[in-house]
Amino acid sequence: MRIILNLIWLVLSGFWLAIGYVLTGIVCCVLIITIPWGLASFRIANYALWPFGRQVVDRADAGAPSLIGNVIWIVVAGIWLAIGHVVTGLALCVTIIGIPLGVANFKMVPVSLMPLGKVIVPAP
């Protein structure tokens, strides 16, 4: 079932969301000082391509620098990526088949807002 959901996800929204994260990551890496945000953006792009069967968990060693970095990220790029997830999620929830995909989009909003201090792991 995960493979079917991931394939539908990839076609309907995953590819476009991943492109948004990759473009954000490229911009962050070009601006040298924002490389940590760029790397986090690339990790989330990978997750945005194939989200079912994986989950986002907090890193135990994340501290104040991650919090400060996340606040900067929200202002610079996170809010726009989160809006993209909400709009895509609402559009997917219009159809019955799209409801699980819309819910998955809504679950990605927190990691799009605060990517530092998070790690993506296989779901149990």
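**Close-up 1. The one cavity of this predicted model.** The structure holds 1 cavity of 30 Å³ or more, and this is a predicted model. The volume of the largest cavity comes to about 50 Å³. Around the largest cavity you will find Ala40, Arg43, Ile44, Val56, Val111, Pro115, Lys118, Val119 and Ile120. By class, its lining residues are 7 nonpolar and 2 charged, with no polar ones. Helix α2 and strand β2 (118–122) each bring at least two residues to this lining.

Close-up 2. Asp58 counts as exposed because its relative accessibility is 56%.

**Close-up 3. The salt bridge of Arg59 and Asp61.** A search of the whole structure turns up 2 salt bridges, and here we look at the one that joins Arg59 to Asp61. Their closest N and O atoms are 3.0 Å apart. How exposed are the two partners? Arg59 is partly exposed, at a relative accessible area of 39%, while Asp61 is exposed, at 59%.

**Close-up 4. The largest pocket and its lining.** This view takes us to the largest pocket, which holds about 200 Å³ of space. Its lining is made by Tyr47, Pro51, Phe52, Arg54, Gln55, Pro100, Val103, Ala104, Lys107 and Met108. Sorted by class, these residues are 7 nonpolar, 1 polar and 2 charged. Which elements supply at least two residues each to the lining? They are β1 (54–58) and α4 (99–107). The largest share, 4 residues, comes from α4.

Close-up 5. Val22, Leu23, Ile26, Val27, Val30, Leu31, Ile32, Ile35, Leu39 and Phe42 together make a nonpolar surface patch of about 880 Å². Two or more residues of the patch come from each of α1 (2–30) and α2 (35–49). Helix α1 gives the most, with 5 residues. Val27 counts as partly exposed because its relative accessibility is 48%, and partly exposed covers values between the 20% limit for buried and the 50% limit for exposed.

Note on methods:
Residues numbered from 1 in each chain as written. Predicted model: local features only at pLDDT ≥ 70, side-chain atom pairs only at ≥ 80, totals over all residues. Heavy atoms only, no water. 1 Å grid on protein atoms, 1.4 Å probe; cavity = no way out; pocket = protein on both sides within 12 Å on 5 of 7 lines; lining within 4 Å. Points joined across faces, edges and corners; volume = space filled by probe spheres on them. Nonpolar A, V, L, I, M, F, W, Y, C, P; charged D, E, K, R; others polar. Patch = residues over 30% accessible without salt bridge, like charges linked within 9 Å, V, L, I, M, F, W, Y side chains within 5 Å. Areas by Shrake-Rupley, 256 points an atom, 1.4 Å probe, with all protein chains shown as cover. Salt bridge = Lys/Arg side-chain N within 4 Å of Asp/Glu carboxyl O. Buried < 20%, exposed > 50% of the residue type's maximum accessible area, 1.4 Å probe, protein only.
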